[in-house]
Amino acid sequence: MPQEPFKIYGNAYYVGTHGLSSVLITSPSGHVLIDGALPESVPQIVSNILSMGFRVEDIRLILNSHVHFDHAGGIAQLQKLSGARVAATRWTAQVMRTGVVPRSDPQFGITNPIARLAAVDIVSDSQTLRAGALSLTAHVTPGHTPGGTSWTWRSCEGGRCLNLVYADSLTPVSAGGFYFTRSRDYPHALGDFERSYKFLESTPCDILVTPHPGFIKLWERLDQRRSSPDALIDPTACRVFAADSRELLKTRLATEMGKR
Ligand SMILES: [Zn+2]
């Protein structure tokens, strides 16, 4: 579904579709794009970028939350259109280079493969990436996939600088027959979720965006912004997101225990 693009804050813009986020962070010396949604979403993302007054050719770096087809499916096309460099965690980069969904993906067997990318740079936890005047930090937040990554940066408006967080999905969703409690292909899944919650509970977080905008009620908040300009700003958002995710995992684990 199409979505009119909008400024999130400062130099950060929402350029995704209604159901799948893509965020453009801009600078006069080049932009960063996080997530490419579906292959079919690319024309919408491109026209959204244009209508905010920017050019796809000026994207210098493309990042990803997790390498499922609904967030990474458009990246190969967007890379071709922009000539940007793509950077991802080692696990994610391997999937991008091969286009093959590995068995360690909880959704192995039910998720579509993505178009292959010729070159992907590897990033590690807490690494800061620079593109033009921009710098973003990678935070390894696995669980939904073993390569999940959240991204943080600061955006300023007037003299007011805020911490923005693009936090990866943390839903414990899997193919039938996969157990987060006892997977041979992803044995450290539970520890990974815990690590991701800890990140969300401690990171400075003024504005949160997630790959599925519905998870953080983005559209309701955007409506509220018409009457209250700071409606997207919520320093509790990351902690609430962590708490919601913890609940989902708890429910999931109870189900898995019942299947022992
Ligand atoms: Zn996913």
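What span should the 22 residues of helix 7 have, and how far apart are its end C-alpha atoms? In this predicted model, helix 7 runs over residues 237–258, and at 1.5 Å a residue it should span 32 Å.

Next comes the way helix 7 sits against its surroundings. Its buried residues are Ala-237, Cys-238, Phe-241, Ala-242, Ser-245, Leu-249, Arg-252, Leu-253 and Glu-256. Looking down the helix axis, these buried residues fall within an arc of 135°, so they line one face of helix 7. The buried residues pack against strand 11 (160–166), helix 5 (189–202) and strand 12 (207–209). On the face turned away from the buried side sit the exposed residues Lys-250, Thr-251 and Gly-258.

Ser-245 makes a handy example from helix 7. Setting aside neighbours within four places in sequence, Ser-245 touches Leu-170 and Tyr-197.

Then there is the zinc ion. Its protein donors are His-66 (NE2), His-68 (ND1) and His-144 (NE2), at 2.1 to 2.2 Å from the ion. Along the chain, the donors follow the spacing H-x1-H-x75-H. His-68 lies in the loop between strand 5 (59–63) and helix 2 (69–72), while His-144 lies in the loop between strand 9 (134–140) and strand 10 (149–157), so the pair ties together parts that are 76 residues apart in sequence. His-68 is buried at 3% relative accessible area, and His-144 is buried too, at 5%.

Definitions and conventions: Residues numbered from 1 in each chain as written. Predicted model: local features only at pLDDT ≥ 70, side-chain atom pairs only at ≥ 80, totals over all residues. Heavy atoms only, no water. Helix = DSSP H or I, 4+ residues; strand = E, 2+ residues; numbered from the N terminus. Expected span 1.5 Å × (residues − 1). Buried < 20%, exposed > 50% of the residue type's maximum accessible area, 1.4 Å probe, protein only. Arc of directions from axis to C-beta. Contact = heavy atoms within 4.5 Å. Donors = N, O, S within 2.8 Å, 3.2 Å for Na, K, Ca; no water.
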